[in-house]
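Have a go at each one before you read its solution.

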Amino acid sequence: MARIGFIGVGKMGRGMCENLIKKGNEVTVFDVNRENAAFFEGRAVIAASALEACRASDIIFLSLPNSEVVEKVVGDLLVDGADGKSVVDVSTSDPNSTKRLYADAKAAGANYVDAPLLGGPDDTMAGNAPCIISGDKDVVDELIPIISAYASPIDYFGEIGNAHTVKLAMNFTGLMYAALMAQMFPLMEKQGIDIKNLFKVMNEGPFGNWVFDFYGKKYVERNYHMDFSLELALKDMTYVKRMYEKHNVPAFLLDGGLDFLRAAMKDGRGKLDYSEIAATMREYLELAPYNEE
């Protein structure tokens, strides 16, 4: 049984934390949203702060919205004292930030790994979310039996920051493909094409894949139910943009995608689902929004 701190028990964190508790670990939970933390009342210790959760734990999981928040939590922990502790960042973070935090943690006598997931909330709750992990191999080997409570398979990607880099690569590909469809389907509708039939033909043909099916249905049905927020997508794509800037090369297609996302953000859709970018495109094309005719 491990002493675990779990900071951030929102949509993704809840399933991870739930399965860690089910495995008999002693878990201390903190979330800035008290309702999220209260879900674990009676089954975990509810901490009053992130630092309190860190102090009570040997292994600390972070499922947080961005690297700025991760840096604040880890910075406070390292100042307070983290010798012998292990930090597992399951967020989608900036790899450069991850590498800096790893170096700071090592200097303070702590371990640090990045272990983002490739599945969604249902996968984490079911205990079979695919996971990629990077960091010192000996530390990773010690942590895998703990992480396997909610993740399968778990793929090792080498030195620190690599897992976050791979996660961004996957998000880059998937989100930009979804953005392409968000432009294409409204344009075809404007041209008088039956987009439901178009979706059927494309999905049953060479374009059929998970991203096309998942987002395509949202676009043609105009049902932009919440799965992954636009503001988080923009955050991830901004991290990818930084990679291109680091190498002083243009991002080409990404730049257009970022412009598209920012236009939707200006419409006040940041807290809504990523697929809301299609609603922004429909407005540009002067098409009826949502299910209005």
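**Exercise 1.** Find the volume of the second largest pocket, then work out which residues and elements line it.

*Solution.* Start with the space: the second largest pocket holds about 200 Å³. This is a predicted model, where local features need pLDDT of at least 70, side-chain atom pairs count only at pLDDT 80 or more, and totals for chains, interfaces and linings use all residues. Residues are numbered from 1 along each chain as its sequence is written, and side-chain values use heavy atoms, without hydrogens and water.

A pocket here is an open set of points on a 1 Å grid over the protein atoms alone, where a 1.4 Å probe fits, with protein on both sides within 12 Å along at least five of seven lines; lining residues have an atom within 4 Å of a point.

Next, the lining: among its residues are Phe172, Met176, Leu180, Leu253 and Phe260. Helices H8 and H12 (253–266) each give two or more residues, and H8 has the largest share, seven.

Last, sort by class: eight are nonpolar, four polar and none charged.

**Exercise 2.** Now do it for the largest pocket: what is its volume, and which residues are closest to its centre?

*Solution.* The volume comes to about 1600 Å³. Of the 47 lining residues, Met12, Lys167, Asp227, Phe228 and Leu232 are closest to the centre.

Then look at the helices: H1 (11–22), H4 (67–80) and H11 (230–246) are among those supplying at least two lining residues. H8 gives the most, five.

Finish with the classes: 24 nonpolar, 14 polar and nine charged.

Key. Points joined across faces, edges and corners; volume = space filled by probe spheres on them. Helix = DSSP H or I, 4+ residues; strand = E, 2+ residues; numbered from the N terminus. Nonpolar A, V, L, I, M, F, W, Y, C, P; charged D, E, K, R; others polar.
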